[in-house]
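Hi,

Here is the structure I promised to pass on to you. Have a look at the ligand site when you open it, and then read on for my notes.

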Amino acid sequence: MKVLFAVSEMFPFVKTGGLGDVAGALPVALQNLGVDVRVLIPAYSEVLDKVVDLAPWVSLGDPLGAGEIRVALGRVPGSGVPVWLVGSPALYERKTGPYLGPDGKDWPDNHVRFAALSRAAAIICDAGTVLGWQADILHSHDWQGGLGPAYLALRGGRRPGTVHTIHNMAFAGIFPATELGAVGLPLEAFSINGVEYHEKLSFLKAGIRYADRLTTVSPTHAREIMSKEFGFGFEGVLASREGHLKGILNGIDGDIWNPRTDALIEQTYDARNLGKKALNKAALQKTFGLPINPKAPLFGVVSRFTIQKGIDLVLETLPRIIEQGGQLAVLGSGDAELEDKLTKAAKDFPAHVAVRVGYDEPLSHLVQAGCDGFLVPSRFEPCGLTQMYALRYGTPPIVRRTGGLADSVIDVSNVADGTGFVFEAAKGTELNRAVTNAIKLYRRPGEWRALQRRAMKQDFSWEKSARDYISVYSELTDSAPIRARGRRTKR
Ligand code: ADP
Ligand code: GLC
């Protein structure tokens with residue numbers, strides 16, 4: 001089975017969040033199960049700097065009237081996964097990360113930049129491609145990949161099956177309707193049954209409407225997004241596709257996130273010598289400028305600072321952590337107001353709160369290894385990876401019962417063999433209660449150790465999820481490897 005991923009970020013090339021981790025790890029797991037996966041990604045400067053074994057570029061012409069698009073096959077350093085880079089110096093070689101300009105705002109031509117990604121995917125998928133590799137499945141991700149299934153479905157004729165994965169509905173790729181022509185969509189696509197969303201054009205809606213199958217990244221979130229609370233206005237169209245929507249929990253890369261071998265932490269450890277974790281705690285306290293105190297319960301956060309992640313709830317729970325002699329180490333960036341409030345708290349309570357504003361991959365490993373508990377109080381969380389990393393590092397997570405958090409953490413307050421602390425409503429009072437429970441248990445070292453060990457035993461390997469994706473792909477390939485339009489499954 002040949003599968004083409006179309007995705008806007010991929011670890012270790014470029015990563016702004018969990019999507020990058022997924023695009024880095026899922027193809028490897030699929031490959032291990034015999035799938036021939038290639039990943040299509042824009043040739044950002046960071047990608048060009050890191051790619052290995054790059055073959056000569058092949059022109060795909062100028063399909064959007066925004067200049068020539070080229071592709072070249074290379075490999076990911078380390079994993080060796082084959083990647084097709086979409087080359088357009090004007091669109092991608094900008095050196096400021098994948099989405100934002102130097103002013104911190106979305107690039108004004110993001111619709112063209114990601115239409116070009118999807119257009120290249122559709123061209124590669126065309127039967128009889130000059131590239132000599134015929135995909136059976138196009139697997140696109142998030143709004144940036146949303147136009148891929150639309151181009152193929154609207155073009156008609158024989159085409160591969162299409163699967164679209166929703167990682168985050170808060171980003172719907174919404175642009176003025178007047179850009180329809182610039183992204184190469186026909187006028188007929190601009191309808192309620194097409195790409196229209198409140199009189200604008202939505203790339204996410206394109207993925208939802210035109211892909212043969214939809215997935216999101218946890219079973220709970222698959223149910224949530226069909227409701228008003230979590231559907232961002234897409235709940236109706238998603239509910240109409242319920243029979244073709246599935247939640248598949250993400251895995252984690254057990255080689256990169258492994259406390260036994262992690263070169264980015266102070267001291268490696270595993271479930272049998274958890275005592276060594278204390279060296280990471282001391283190193284983390286030192287790095288963050290907190291008093292080195294082995295007894296203070298130390299909580300960690302590694303996150304984008306957005307309303308999604310409930311960082312305001314973390315601020316609300318600070319007095320509770322401080323009054324109980326605890327500490328908080330936060331790594332992240334995003335919303336300026338949240339950054340300011342956290343920075344001020346660190347200034348006001350330097351013995352208890354420390355913040356590093358920015359993106360720091362190595363430091364994120366030390367936070368996972370060095371903390372006692374890990375906070376993820378998200379308002380919504382399609383899957384969430386940091387709570388799974390925390391479990392693996394014996395750092396019990398404190399999470400809200402939503403999306404993938406609900407599917408990956410078992411509440412120790414209710415279930416004897418729980419793995420973390422789970423609270424219901426997105427309220428400071430509820431997080432306070434969970435943090436208080438965590439500190440209580442932390443002060444009973446035998447029970448805490450048992451909790452850590454149970455957390456570390458959880459299996460979040462990608463293999464199971466990869467099998468689930470293969471079964472989705474198989475629904476589209478079993479009858480006909482390259483599906484004729486007339487034989488498409490009824491939606
Ligand atoms: P999301 O994709 O919504 O941001 P996830 O939990 O799925 O949430 O993934 C976030 C990923 O980004 C994790 O790998 C996490 O460690 C990483 N991350 C988030 N913020 C930072 C940061 N400031 N520095 C380093 N890594 C970060
Ligand atoms: C999104 C979600 C996060 C998920 C990640 C990878 O960014 O916010 O919950 O883990 O995608 O699927």
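A polar contact here means a pair of N or O atoms within 3.5 Å. Please keep in mind that the model is predicted.

With that cut-off, T386 makes a contact through its backbone: one of its N or O atoms lies 3.5 Å from an oxygen atom of ligand 1.

Which elements give two or more residues to the shell? They are α1 (18–32), β13 (298–305), β14 (327–334), α13 (361–370) and α14 (386–392). β13 contributes the most, with three residues. The shell counts 21 residues, and G18, D21, R304, K309 and G358 come nearest to the ligand. By class, five are nonpolar, nine polar and seven charged. Both domain 1 (2–251 + 462–484) and domain 2 (274–456) supply shell residues, so ligand 1 lies between them.

I also looked at some strands elsewhere in the chain. β4 (residues 70–75) runs antiparallel to β3 (residues 58–59), joined by two bridges, with V58 opposite V71. On to β5 (residues 82–87): six bridges tie this strand to β4, again antiparallel, and A72 is partnered with L85. β4 and β5 form a hairpin with six residues between them, and G78 in the turn has a positive phi of about 90°.

Best wishes

How values were computed: Residues are numbered from 1 along each chain as its sequence is written. Chains are lettered from A and ligands numbered from 1 in the order in which they are written. This is a predicted model: local features need pLDDT of at least 70, side-chain atom pairs count only at pLDDT 80 or more; totals for chains, interfaces and linings use all residues. Side-chain values use heavy atoms; hydrogens and water are left out. A residue is near a molecule or strand if one of its heavy atoms lies within 4 Å of it. A polar contact is a pair of N or O atoms within 3.5 Å; within protein, one must be able to donate a hydrogen and the other to accept it, and residues adjacent in sequence count only if both atoms are side-chain atoms. Helices (H or I, at least four residues) and strands (E, at least two) are DSSP runs, numbered from the N terminus. Ala, Val, Leu, Ile, Met, Phe, Trp, Tyr, Cys and Pro count as nonpolar, Asp, Glu, Lys and Arg as charged, and the others, Gly among them, as polar. Domain bounds come from an automatic or database domain assignment. Two strands pair if DSSP finds at least two bridges between them.
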